[in-house]
Amino acid sequence: MTTDFAWIRPEPSGLYIRPADVWIDPARAVPRALITHGHADHARGGHGVTMATSPTLAIMRERYGDVGEARALVYGERVALGGGVDATLLPAGHVLGSAQILLECGGERVVVTGDFKRRADPTCAPFVAAACDVLITEATFGLPVFRHPPIGEEIAKLLAAREAEPGRAILVGAYALGKAQRVIAELRTAGYHDPIWLHGAMERMCRLYEEHGVALGPLRSVAGAPKGALEGAIVLCPPSALTDRWSRRLPDPLTAMASGWMRVRQRVRQRGVELPLVISDHADWDELTQTIVEVDPAQTWITHGREEALLRWCTLHQRSARALALVGYEDEAE
Ligand SMILES: [Zn+2]
Ligand SMILES: [Zn+2]
């Protein structure tokens, strides 16, 4: 087996597929871009040609308006990028439309995970493990301390807080793309069918999910709602709105936040969160290492987060690995 892989190059602003002149999730505008998913640190506007799943393209249009020449790709469909490189998108289980990218060139197979998780998520297609020579994996929660609890336990905490505090609004900070819809869908799975109230910044993305077949149940806008209607209600807002003036319209809000970072006490304190919910759309430590074992690549390239610990784990387990220095990826709110 050759271990050259000179056709794919980690550059500071993204992964560059040289023979095809295509960038993956570039941090700047480029002529041709392949986008793994709609989060702002991966999907930027201004590219000449944008290739992605159709939900990701819809999310980008929602955010940036025009996305230039758009090419919608379907999971499992192998397409020629040019220069002898083929690409196939595979589900990443991260958010609606999220994809891993399988690249094939001269018999060499490289998988770029983008952001991913292995847990079940009713709002998106589940992760598919694909055999490859090089696995380029994210490592947002790449420390052994990060082990996410089952989401059912966190949703139960949220519902218990609501039962215990009937006069208060339960205000949940959640990233507007992915996390919010997953929390809503999991509340429905847990048998909660009352209206869920939304901050204005959540409404369009929830509608986009529903247009793509993800049922979210009754949703209401907080704007214009009488204060009394929000007693005992569950309200979702972006994390930045948890403590701003906006939240004063709610009756004695109990602030919760849904994020993998809620494992870290200091972050809970910084945000003034009463009810931390450890809910993440990223692989935790066990999912990261399990994925490397399962895919069993000849090389693992680690990016996007806490590279050092995962690098050390690979070395300890006689696996060839390197850390990539890519810039511009930030998942503070996920
Ligand atoms: Zn993401
Ligand atoms: Zn990311």
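This walk-through starts at a zinc site and then moves to a pair of helices. The model is predicted, so local features need pLDDT of at least 70 and side-chain atom pairs count only at pLDDT 80 or more, while totals for chains, interfaces and linings use all residues. Residues are numbered from 1 along each chain as its sequence is written, chains are lettered from A and ligands numbered from 1 in the order in which they are written, and side-chain values use heavy atoms, with hydrogens and water left out.

Let's begin with the metal. The zinc ion (ligand 1) is held by His37 (NE2), His39 (ND1), His94 (NE2) and Asp115 (OD), at 2.2 Å. Donors here are N, O and S atoms within 2.8 Å of the metal (3.2 Å for Na, K and Ca), and since water is not among the atoms, sites may look incomplete. Along the chain, the donors of this ion are spaced H-x1-H-x54-H-x20-D. His37 sits in the loop between β4 (32-34) and β5 (49-53) and His94 in the loop between β8 (85-91) and β9 (99-105), so the two tie together parts that are 57 residues apart in sequence. Strands are DSSP runs (E, at least two residues) and helices likewise (H or I, at least four), numbered from the N terminus.

Now zoom in on His37. It counts as buried because its relative accessibility is 0%; buried means under 20% relative accessible area, exposed over 50%, and partly exposed in between (1.4 Å probe, protein chains only). Its side chain makes polar contacts with the side chains of Thr36 at 2.9 Å and His39 at 3.3 Å. A polar contact is a pair of N or O atoms within 3.5 Å; within protein, one must be able to donate a hydrogen and the other to accept it, and residues adjacent in sequence count only if both atoms are side-chain atoms.

Next, look at helix α3 (residues 179-189), where 10 of its 11 residues are buried. Those buried residues pack against α2 (151-164), β13 (196-198), α4, β14 (219-221), β15 (234-237) and β16 (254-258). At the α4 side, Ala180, Gln181 and Ile184 of α3 meet Met202, Met205, Cys206 and Tyr209, with contact meaning heavy atoms within 4.5 Å. Just past the end of α3, Gly191 has a positive phi of about 95°.
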